[in-house]
Amino acid sequence: MADIRVKNLHKEFGVGDDKVVALENVNMRVEGHVFVSIVGPSGCGKSTLLNILSGIETASSGDVTITQDAHDANPGYVFQAARLLPWRSVMDNLLFVQKERDDAARARCQHYLDMVQLGDKGDKYPGELSGGMQQRVGIARAFSIEPDVLFMDEPFSHLDAITARSLRRELHEMWKETKKTVLFVTHDVGEAVELSNRILVFAKGGKLEDDINIDLPYPRDGADEAVAVAKAHVLKKFEDLDLVAT
Amino acid sequence: MTTGVITPKTIIPKSGPLAQLLKASLTARLLMPVFVIFIWYVIYWTLDSRIFVPPHEVAQFMWAELTLNTLLKYGSVKSNVYEMFGITIFRLLTGFTVSMVLGTVIGLAMGLSKSVNAFFHDWVMAILAMPALVWGLFLGLVFGFGHQAPIYACILAGIPFVIVNVREGVRNTPRELFDMARAFGVPQQQITRNVLLPSLMPFFFAAVRYAFSIGWKGLVIAEVFGSASGMGWTIKFWYDAHRTQGVIGTGLFFVIFALVLEKVVFERFAKRAFKWRPQAGDIDVVEEQFLFDPTIEGAGEAEYVSEEGING
């Protein structure tokens with residue numbers, strides 16, 4: 001079981017007058033097969049938190065441990081833009097992040113490409129695919145390393161509403177099937193309510209302000225009353241915290 | 001003030017074989033030399049000059065040179081066009097290789113280190129600003145009429161472009177792809193091979209073309225003024241002999257050589273290296289325009305525009 005522990009995490013950029021606090025004394029714990037969304041206004045440190053968890057950035061102070069059954073966990077990452085190597089084919093993009101590039105890895109990559117419905121696009125270059133397809137490749141790449149935890153940084157924010165909706169459904173199915181621990185950054189409360197068991201609300205200045213459990217059955221549809229009520233509830237919390245982006 | 005009715009223009013689609021032939025870019029390419037030769041004849045007939053020779057006389061001259069029926073054998077060094085061409089190509093390849101190797105090393109260092117960039121920056125600009133003619137005369141005086149002066153001139157003309165292009169390539173490496181690779185724990189050697197080198201390729205190609213085309217210009221000038229052999233010297237020989245066809249024809253030999261090299265070598269490599277680009281089909285047209293006109297500002301400086309948004 002994956003276990004993410006964040007203790008007194010602090011992160012600041014710049015020095016002197018230019019100093020900006022991105023995360024302030026964040027404490028949180030996420031464990032098991034859960035889908036946790038991190039929401040908050042722009043500049044609240046959501047992406048910074050994910051970058052620190054995945055090792056792209058280092059913390060100014062505090063502790064982060066990510067374990068899988070008491071061993072170091074293997075994380076996967078889906079970015080805001082697909083971040084594919086434009087000069088490598090779709091299949092090679094997936095192989096690029098594999099530890100071993102043997103037949104088993106190739107079969108695994110093919111499996112996840114099939115899962116995102118791009119099984120026949122392995123030899124295409126990213127430039128030959130649409131934005132939605134590229135993001136699907138990004139998702140398949142993250143799943144293809146069979147990570148213990150999956151970090152996703154606003155993966156659907158660049159896509160049109162219809163594509164984003166169908167990708168959310170695919171992601172939910174994959175999460176259900178693979179039983180991963182997912183940490184999902186978004187500024188879209190509706191998206192967070194539709195996908196997550198739990199929503200962490202961050203305020204400007206990088207403070208973790210609230211931890212909301214969403215205990216609703218899947219699949220969730222934004223038009224369902226219970227989902228709409230839950231969404232209204234989270235938005236109300238936003239207002240109470242004066243977090244609504246101005 | 002007048003008022004009127006705007007009638008939409010009717011566009012008649014042209015789709016006959018003749019229309020297609022006229023629209024094809026190959027037709028336009030082939031029409032260009034025909035047009036140039038026509039204008040050449042018009043000027044020749046208008047000027048009625050004994051010095052301004054018509055195209056067919058240049059062609060006759062080139063044929064005579066190729067068949068060794070040449071006045072060049074009566075020159076001070078008693079040679080022929082093959083030998084002179086060989087000497088120049090040897091010098092060009094030597095100078096080109098040195099400017100590529102040295103320019104790449106300096107460009108990489110300048111791209112990676114601010115202090116190395118500060119150290120070299122003004123010198124690169126100074127070498128860039130110095131006319132090739134000055135290098136030719138200066139190096140001829142210093143090194144005499146051997147191989148050295150033309151080779152050094154070739155290096156000095158080409159190397160600043162290699163340095164600047166490689167440096168820009170390093171500066172434009174896609175950071176978000178390095179972050180991605182790091183997040184997935186990809187080993188450094190794989191990152192270098194799959195991220196760094198491919199991202200440098202467009203800049204490296206531009207550097208190769210500059211080192212070749214501008215190096216050649218520096219080389220020929222040095223051969224005219226500071227050498228007793230090579231194509232530059234041959235052009236000077238025909239200039240002294242008042243043979244316009246010799247000056248133009250000798251230059252044309254190299255133009256033909258360069259065009260063949262472009263088609264046979266550069267274009268093939270570029271197609272292979274850049275087949276991932278969505279517009280790969282147009283690449284020869286896009287890249288070709290600056291091969292022999294490096295004065296176009298920014299030409300050849302590859303534009304790698306990341307598709308990445310701001311990762312907030």
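**How many Å separate the centres of domain 1 of chain B and domain 2 of chain B, taken over C-alpha atoms?** The answer is 30 Å. Domain 1 of chain B covers 26–57 and domain 2 covers 70–288, with bounds that come from an automatic or database domain assignment. Please keep in mind that this is a predicted model, in which local features need pLDDT of at least 70, side-chain atom pairs count only at pLDDT 80 or more, and totals for chains, interfaces and linings use all residues. Residues are numbered from 1 along each chain as its sequence is written, while chains are lettered from A and ligands numbered from 1 in the order in which they are written.

**Figure 1. The meeting of chain A and chain B.** Here 22 residues of chain A are in contact with 20 residues of chain B; two residues are in contact if their C-beta atoms, placed from the backbone, lie within 7 Å. The side of chain A that touches chain B holds 11 nonpolar, 8 polar and 3 charged residues. In this count Ala, Val, Leu, Ile, Met, Phe, Trp, Tyr, Cys and Pro are nonpolar, Asp, Glu, Lys and Arg are charged, and the others, Gly among them, are polar.

**Figure 2. The fold of chain A.** Let us step back to the whole chain. Chain A has 7 helices and 10 strands, taken as DSSP runs (helices H or I, at least four residues; strands E, at least two) and numbered from the N terminus. Its C-alpha trace spans about 50 × 45 × 35 Å along the principal axes. Of the 246 residues in chain A, 42% are buried, meaning that 20 or more other C-beta atoms lie within 10 Å of the residue's own; 12 or fewer make a residue exposed, and those in between are partly exposed, with C-beta atoms placed from the backbone.

**Figure 3. A cis peptide bond in chain A.** A:Tyr218 and A:Pro219 are joined by a cis peptide bond, with omega about -5 degrees. A:Pro219 sits in the loop between β10 (207–213) and α7 (225–240) of chain A.

**Figure 4. Positive phi at A:Lys179.** Though not a glycine, A:Lys179 has a positive phi of about 55 degrees. Its loop runs between α5 (161–178) and β8 (181–185) of chain A. A:Lys179 counts as exposed because it has 10 C-beta neighbours inside 10 Å.

**Figure 5. Positive phi at B:His242.** In the loop between α10 (230–240) and α11 (244–273) of chain B we find B:His242, whose positive phi is near 60 degrees. B:His242 counts as exposed, with 10 C-beta neighbours inside 10 Å.
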